[in-house]
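Good morning, and thank you for coming.

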Amino acid sequence: MRTLLIIFIALVSCQICLGQKSVQLAPALLKYSSVFFKDAAKVEIKFAQEGANIYYTLDGQLPTEKSTTYKKPIKINKNLTTLQVITSGPTFFPSEIISTTFIKDGLPILSEQHSAPNEKYQGNGPLTLFDNEGGILNMKSPSWIGYQQDTIEILVELKSSKKVNSVLIDFLQDYKNWVFLPQLIRVDYFNADTKKFESLVENSFELNKTISAPECKPIMLTALSNIVTNQLKIKLYGIKNLPDWLPGKRRHGWIFIDEIKVY
Amino acid sequence: MQRKSFIRNSSLGAIGFLSQPSFPFPEDPLLGHNNKRYRLDTKWSKADVATNPVNDCHEMVQDSKGRIILLTNEVKNNVIIYDKAGKLLTTWGHEYPGAHGLTLFNENGTDVLFICDNSRHQVIKTTIDGTVLLVLDYPKETGQYTKASEYVPTETAIAPNGDIYVADGYGKDFIIQYDAKGRYINHFGGKGTEAKHLSNAHGICVDQRDPLHPYLIVTSRLQNAFKRFTLNGVYIDTIPLPGAWVCRPVIKGDYLYAAVLQTNTLQGKQSGFVTILDKKFTVVSNLGGSQPQYVDHKLDEMYQTAKYFQYPHDVCIDDEENLYVAQWNSGKVYPYKLSPVI
């Protein structure tokens with residue numbers, strides 16, 4: 001009888017403990033001026049909830065209560081750094097992980113020309129794609145240029161011929177607003193010897209089968225070897241016919257870009 | 001039988017003793033800040049989901065008999081009437097598939113309701129038990145609309161003289177003013193870039209806290225703000241609520257209460273909470289949200305801190321200062337009740 005009583009107490013205690021922890025913390029608020037930066041980015045993390053702490057990582061590991069505790073704004077100065085954050089406290093379940101990728105400026109860009117975007121999403125002038133502004137989830141932000149067409153061409157001219165290895169393009173993914181990654185990205189470079197554009201790298205993408213919340217998707221395309229060039233031609237191929245399970249089914253998908261970096 | 005009962009009691013006593021020191025968090029959590037703190041009861045509604053389901057719980061009001069009235073877009077029972085203890089008293093309504101806005105007005109001693117229906121593109125005035133008194137179709141008198149589908153009313157507010165203000169929050173964002181009989185008087189707001197314009201004019205109320213100077217408070221949800229207008233539609237000022245997708249303003253006593261559907265930074269992520277502002281429009285408490293902070297008289301961006309709510313869509317404050325929260329797209333949950341902690 002006594003054993004049964006102890007088991008009963010243990011079980012009910014456990015249930016109460018679970019009950020006590022039945023609420024999950026929300027993710028923290030990340031404050032920064034842009035995910036793109038020239039020398040260094042400063043990130044402030046806010047979470048005004050009594051009894052909760054903020055934990056984060058910058059090395060790609062998933063954050064836990066054993067990760068670094070946030071105490072003061074974080075300085076980021078590497079090329080591509082993903083900040084991952086959770087909140088946790090003894091009387092709550094930990095929050096889901098929130099993450100943002102910060103992107104350092106690449107080789108200096110002289111100018112860029114792109115296919116005419118949709119009239120509603122024209123961006124913020126000729127510097128839009130290399131002004132270090134963006135990473136904003138709101139598709140109406142002027143940091144984005146938006147397209148609803150098959151093929152988009154972007155010609156990037158560097159300030160001088162440089163050794164080039166990678167190209168980064170920041171896309172918006174917002175399924176509910178029919179905004180997707182392209183099906184295919186192709187990057188060609190201008191070969192000064194042959195006087196022709198030649199293939200540098202390409203990558204194709206498949207749709208996720210689950211409709212997720214809007215997010216910025218910085219896509220890094222890295223070539224197998226370095227080349228030297230001062231011009232790159234980027235071609236983006238959108239989704240012509242959205243599948244039936246998506247909002248906007250059978251319509252043309254949108255592509256939104258806010259920044260291009262060349263490394 | 002007696003022995004079992006004794007064991008249960010003693011074991012609960014032991015648990016209380018054992019668990020309290022290490023788990024100070026109470027079973028019914030305490031939410032909020034300053035003098036506006038509440039205990040949350042998620043099981044307030046005693047309705048049976050098999051017979052009286054809800055879909056989106058859009059809005060709630062209390063009538064002069066003290067009953068709590070819920071509007072849902074579930075056509076099995078668009079209107080569910082509860083007592084304050086959560087007992088379902090009665091239901092009515094099967095013809096409001098887009099039931100969204102619910103406003104109660106005491107018309108010469110008689111309660112009447114105004115329902116905004118998104119799908120029907122109409123505002124319907126009814127008696128408290130559902131008899132239709134007046135239907136307002138799309139406001140072509142304004143010269144701004146050519147067909148009903150352009151008009152998606154989300155909320156009404158009734159002035160002391162009976163004038164009806166309709167917020168076309170999912171349509172063209174105009175506020176349309178009618179007299180008590182439903183005759184068009186005026187319209188204002190609408191989309192645009194000036195301060196007087198609105199973006200998702202989701203809610204509206206008449207602020208009569210200063211009885212000599214009543215005015216309108218209108219939600220501009222995508223701008224994360226309330227905007228004040230005179231009763232004839234002249235813009236007064238903006239009350240910024242950074243980060244917060246505020247729904248309609250609800251005034252009770254000296255305070256303004258509003259459901260926050262979600263936050264800017266976590267859209268589509270069940271990031272809602274409830275915000276409470278004092279008479280000077282200072283945020284004093286966020287239920288499930290961040291402690292309000294002002295720097296140089298400017299409100300810091302607000303955000304959810306714990307997932308007590310998913311997408312709160314409206315609040316109702318009863319005559320005993322209890323607060324009820326109706327939620328949109330939140331797993332068809334019934335409303336929650338929060339009791340003030342003094």
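I start with one pair of residues: Val112(B) has Thr127(B), in strand 9 of chain B, as its bridge partner. Strands here are DSSP runs (E, at least two residues), numbered from the N terminus.

The model is predicted: local features need pLDDT of at least 70, side-chain atom pairs count only at pLDDT 80 or more, and totals for chains, interfaces and linings use all residues. Residues are numbered from 1 along each chain as its sequence is written, while chains are lettered from A and ligands numbered from 1 in the order in which they are written.

In chain B, strand 8 (residues 110–117) and strand 9 (residues 122–127) are paired in the antiparallel sense over six bridges; two strands pair if DSSP finds at least two bridges between them. Both belong to an open, antiparallel sheet of four strands, in the order 7-8-9-10. Strand 7 (99–107) and strand 10 (132–136) of chain B stand at its edges, each with a single partner strand, so one side of each has no neighbour in the sheet.

I turn now to chain A, which is divided into domain 1 (23–104) and domain 2 (109–262), with bounds from an automatic or database domain assignment. Their C-alpha centres lie 27 Å apart. How many residues of domain 1 of chain A are in contact with domain 2 of chain A? Eight are, and they meet eleven residues of domain 2; contact requires C-beta atoms, placed from the backbone, within 7 Å. On the domain 1 side, strand 2 (36–37) and strand 8 (98–104) of chain A each give two or more residues.

Key:
Two residues are in contact if their C-beta atoms, placed from the backbone, lie within 7 Å.
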